Amino acid sequence: MANTDKPAGLKPVGHLLNGAYTGETRVYYVPSTDGTAMFKGDAVGLAGSADDTGKYPPVPQYTATDTQVLGVAVAFSTVAPQIAADPSDLTQFYRPASTAMYVYVIDDPFVIYEIQEDSGGGSVAAASVGLNCEIIVGSGNTTTGLSGMELDTSEVATTATLPLKILRLVDREDNAIGTHAKWLVKLNTASMAHTTGV
């Protein structure tokens, strides 16, 4: 049975230290000057500053030129940093381009994520477990709010600067090594575990 082609970015599924991911996030910010839409499951980076209050650092969507990954966006709010959804518009599942919003980010460097491979460079092999890889940025889904990011199979190597480390294949009956396989990964260049500032 072929693997389903259903990219959804990075989905938290576990934790390296205590086994389970228990839902912790921190509030960040995306200003209206940021013209890139953001979706649940998108990897994000640190812009290296903060909003006018100094409380909420801005987080742009990850790009392949970034040297660090802060974490993964999971919710958005236009109303207040304490509310992870706008009660006046519960259909808003993503952050539209050029819209100022608070972003709830998993910034724990020890969280384990599930991500689909893009299979653009062939399929990830069992021998690739333990290697690092790049993230390919795809178009998010404005209906579901889910990210289009995938594991870039064209860039799987020992390179220390690649953002993800491949831990293992997701153990499910509907998943096997091959096209569109789902893999467990961790952030390899996590900002919160990095000694270099941004």
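The questions and answers below concern a predicted model.

Reader: How many residues of β10 are buried?
Author: β10 has both faces covered. On one side Lys182, Leu184 and Lys186 are buried, and on the other Trp183, Val185 and Leu187 are buried. β10 is therefore largely enclosed by the rest of the structure, and the count of its buried residues is six of six.

Reader: Which residue of β10 is the bridge partner of Ile115?
Author: β6 and β10 pair in the antiparallel sense over four bridges. In one of these bridges Tyr113 has Val185 of β10 as its partner. For Ile115, the partner in β10 is Trp183.

Reader: Which side chains of β6 point the opposite way from Val111, Tyr113 and Ile115?
Author: In a regular strand the side chains alternate between the two faces of the sheet. β6 is mostly covered, with six of its six residues buried. Val111, Tyr113 and Ile115 point one way, and those pointing the other way are Ile112, Glu114 and Gln116.

Reader: Which residue of β6 is the bridge partner of His15?
Author: β1 spans residues 11-15 and β6 spans 111-116. These two strands run antiparallel and are joined by four bridges. His15 has as its partner in β6 the residue Val111.

Reader: Which strand gives the largest share of the lining of the largest pocket?
Author: The largest pocket has a volume of about 360 Å³. Of the 21 residues lining this pocket, the closest to its centre are Lys6, Pro7, Ala8, Lys11 and Glu114. The elements that give two or more residues to the lining are β1, β4 and β6. The largest share is three residues, and the strand giving them is β6.

Reader: How many charged residues are in the lining of the largest pocket?
Author: The lining of the largest pocket can be split by class. Nine of its residues are nonpolar and four are polar. The number of charged residues is eight.

Reader: Which strands stand at the edges of the open four-stranded sheet?
Author: The four strands of this open sheet follow the order β2-β5-β4-β3, with antiparallel pairing. An edge strand here has a single partner strand, so one side of it is left without a neighbour in the sheet. The strands at the edges are β2 and β3.

Reader: Which residue of β5 is the bridge partner of Ala75?
Author: β4 covers residues 71-77, and β5 covers 101-106. They pair in the antiparallel sense over five bridges. The partner of Ala75 in β5 is Tyr104.

Reader: Why does the ring pair of Phe39 and Tyr94 count as stacked?
Author: A pair of aromatic rings is described by the distance of the centres and the angle of the planes. The model has three aromatic pairs. For Phe39 and Tyr94 the centres are 5.0 Å apart, and planes under 30 degrees apart count as stacked. The pair is stacked because its planes are at 5°.

Reader: How many residues apart are Phe39 and Tyr94?
Author: Both Phe39 and Tyr94 are buried. Phe39 lies in the loop between β2 and β3, while Tyr94 lies in the loop between β4 and β5. The pair thus links distant parts of the chain, with a separation of 55 residues.

Reader: Which residue has its side chain joined to that of Gln68 by a polar contact?
Author: Gln68 is found in the loop between β3 and β4. Gln68 counts as buried because its relative accessibility is 6%, and the cut-off is under 20%. The polar contact of its side chain is 3.1 Å, and the partner is Ser191.

Reader: Is His180 buried or exposed?
Author: His180 is found in the loop between β9 and β10. Its phi is near 65°, a positive value in a residue other than glycine. With 17% relative accessibility, His180 counts as buried.

Methods:
Residues numbered from 1 in each chain as written. Predicted model: local features only at pLDDT ≥ 70, side-chain atom pairs only at ≥ 80, totals over all residues. Heavy atoms only, no water. Buried < 20%, exposed > 50% of the residue type's maximum accessible area, 1.4 Å probe, protein only. Polar contact = N/O pair within 3.5 Å; in protein donor to acceptor, adjacent residues only side chain to side chain. Phe/Tyr/Trp six-rings, centres within 6.5 Å; stacked < 30°, edge-to-face > 60°. 1 Å grid on protein atoms, 1.4 Å probe; cavity = no way out; pocket = protein on both sides within 12 Å on 5 of 7 lines; lining within 4 Å. Points joined across faces, edges and corners; volume = space filled by probe spheres on them. Nonpolar A, V, L, I, M, F, W, Y, C, P; charged D, E, K, R; others polar. Pairing = 2+ DSSP bridges.
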